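Please look over the sequence and the model shown below before reading on.

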Amino acid sequence: MHKIFALVRASWLVGASYRMAIITSFGSLIVTVVPVFYIARALQPMMGKVVQGQGGDFFGFVLVGMIAFMFIGIAVGTLPGIISGSVSSGTLEAYLTTPSSLPTVLAGLMSYDFLWSFARAVVLVITGAILGAHIAWGKSLLAIGILALIVLSYLPFGILGASLMLWFRTTGPLPKAVIGLSGFLGGVYYPTHVIPSWLHSVSSAIPLTYGLRALRRVMLEGKPLSAVAPDLGILTLFIVGLCALSVLAFSRALHDAKRTGSLAQY
Amino acid sequence: MTVTLTRAGAPAQITRVNDSATMVRVDGLTKRFPIRRGWMQTIRRPFAREHATALAGVTFTVERSEFFGLLGENGAGKTTLFKILASLIVPDAGTVTVNGLDVVKDSARVRGLLAPVIADERSLNWRLSARENLRLFAALHNLHGAAGEHRVNELMDITGIADTGTKMVGQFSSGMKQRLLIARALLSRPSVLLLDEPTRSLDPLGARRFREFLRDEIVARQRCTVLIATHRAEEALELCDRIAILDRGVVRAVGTPTELASRIVGERYYLWTLAPSHPALTCLAAQGTVTNLVIGERDEAGWTRVQLEIPGGPRTASDVIAALAAEQMPIASFERVRLPLAELIERIVANRSAVMADA
């Protein structure tokens, strides 16, 4: 944990040196959430019944979707970005020459982005609550747990992207495809049952579909763990399967990179 | 100590040392890299694979607290060798041990013993101060709390960057960044330090100061075993106890600079004489006792400087002087000069190429 903390601290110090970026990072949240509030309010008469099983309030529904979507973007995109940047700069080589293991180093480098996103998510929720979203504050811990599971289910795509980055110096269309499909068919801005029936099978193969449904029921309706257990069970299956696949791919990619000497080639 | 030229791919004959005194042992190290092919070649022969040999049977040893130089042109294989030592690249064949530990099988333990100074300044975090850069890597080297802080302060003092305060590394000069890279590498008190062309981005004065720092601080006080890869001959000459000459992935020779000069290409002398074309000198040249005669310009008094090389060491040189004196050749001065290492390497490589061509 000392090592992860040191890496998070260093990332924070770097981030803090870009003061304007910090201000705009939080400022942009306000600029985004206020128009969403007014649009959601305007659509509430039409969408209220559609989102009945997930809080019934369309603004709250979209707000939770935005937060989860922000996290899956980080889970999918951060690791390939770290690999790409650190290979190009030579910092990955520098980290690998220390007795620290690569998973520890990568966890430390990613943690800052997740903590930063968590801070932004808190600001979003508080702003949403001020604007009138119904938040079940008593279920905050459970909601954070579900959010962590959503992140864990998307992290393997980030690890696969990092493997592709080590092999081919590009992730190809993987991150955009995963994020795009999850955004359109995972129930971020509308519930999955309103999409055409022929797309339901695609939607049911997306982890976000289950994670987001559970998160909304807990955060907006205050449902207990038992009510969302089936969704969380499926999410866990995704995590186990995808993690095994991605760790295998990354180990192979790292071995190949060490064999071909490409850890510091750009 | 023995110095020999070697055939391509065969190990250089090296000094046998006591195992306990050996810090780094490289034995038959071979590494090939796949060659990136063009689109047309890939389409024509999609499954063909071509490789470039970076290292071919490299063998040498480095003793404890020795300053060992790897000298060679760009592409000779120096960086590949260092990356294998640092367990960043896996070799195709051969073994490398550091203090008896295999760099492939015991990579984690080797990383605790050996620290490569990655010469690329970009591997530093430019938006952090020197202290914060060191704090981060101290934590990654398991140095926490007061122990880590003490080591950071100590290294900042040693490397002369203690007064940089909160200044970001991006605002440092190249020399300061090199010092920080050294400090970073020394955090874990490594037994072996790998320096890959450490002065390439320094001006001549900065490079000289840096070499003084390496010699006085790193080797004399810290007692580190140092391997330095460089293509700057003067750097190797000034710093190294022994040198391995690497040429296209093959070790051509290993030895001290003096040994390499005297045993491989002979020694160079300057002779001041009034009769540069004296029959005695011409005769010795014809016999091959003296070689590479170069007659220089005459000074106002009529003395001419003749440059010559005498294979066989000082004893043969003494015989040459006696022979010339016996023939009453007028000589004002006879001085031994050190052969520039760059020239030495050139000759070793050329000699090797000629041997290969003959074979």
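## A helix pair in chain A

At what angle do helix 6 and helix 9 of chain A pack, and how far apart are their axes? In this predicted model, helix 6 (residues 140-168) and helix 9 (residues 207-221) of chain A pack at an angle of about 170°, and their axes are 9 Å apart. Because angles over 145 degrees count as roughly antiparallel, helix 6 of chain A is roughly antiparallel to helix 9 of chain A.

Helix 6 of chain A contributes residues including A:Leu142, A:Ile146, A:Ile150 and A:Tyr154 to this contact. From helix 9 of chain A come, among them, A:Leu208, A:Gly211, A:Leu215 and A:Met219. By class, the contact between the two helices has 13 nonpolar and 2 polar residues, with no charged residues.

## Where the chains meet

The contact between the chains takes 24 residues from chain A and 29 residues from chain B. On the side of chain A, helix 1 (2-17), helix 4 (91-96) and helix 10 (225-260) each supply at least two residues. Helix 1 of chain A gives the largest share, 8 residues. By class, this side of chain A has 10 nonpolar, 10 polar and 4 charged residues.

## Chain B in outline

Chain B has 12 helices and 14 strands. Of its 359 residues, 41% count as buried. Among contacts in chain B between residues at least 6 apart in sequence, 73% join residues at least 24 apart.

## Strand 1 of chain B and its partners

Strand 1 (residues 22-34) of chain B pairs in the antiparallel sense with strand 2 (residues 51-63) of chain B over 9 bridges. In this pairing, B:Val24 has B:Val62 as its bridge partner.

Strand 1 of chain B also pairs in the antiparallel sense with strand 4 (residues 93-98) of chain B, over 5 bridges. Here the bridge partner of B:Asp27 is B:Thr95.

## An open sheet with a helix on it

Chain B also holds an open sheet of 4 strands in the order 12-13-11-14, with antiparallel pairing. Strand 12 (291-298) and strand 14 (331-337) of chain B stand at the edges with a single partner strand each, so one side of each has no neighbour in the sheet. Neighbouring strands of this sheet are turned by 20° against each other on average, direction ignored.

Strand 11 (residues 267-273) and strand 14 of chain B run antiparallel and are joined by 6 bridges; B:Leu271 has B:Phe334 as its bridge partner. Helix 11 (residues 314-326) of chain B packs on the sheet and touches strand 11, strand 13 (304-310) and strand 14 of chain B. The direction of helix 11 makes about 135° with that of strand 13 of chain B.

Notes
Residues are numbered from 1 along each chain as its sequence is written. Chains are lettered from A and ligands numbered from 1 in the order in which they are written. This is a predicted model: local features need pLDDT of at least 70, side-chain atom pairs count only at pLDDT 80 or more; totals for chains, interfaces and linings use all residues. Two strands pair if DSSP finds at least two bridges between them. A residue is buried if 20 or more other C-beta atoms lie within 10 Å of its own, exposed if 12 or fewer, and partly exposed in between; C-beta atoms are placed from the backbone. Two residues are in contact if their C-beta atoms, placed from the backbone, lie within 7 Å. Ala, Val, Leu, Ile, Met, Phe, Trp, Tyr, Cys and Pro count as nonpolar, Asp, Glu, Lys and Arg as charged, and the others, Gly among them, as polar. Axes are lines fitted to C-alpha atoms, for helices over the stretch in contact, and angles run from 0 to 180 degrees between N-to-C directions. Angles under 35 degrees count as roughly parallel, over 145 as roughly antiparallel, 65 to 115 as roughly perpendicular and the rest as oblique.
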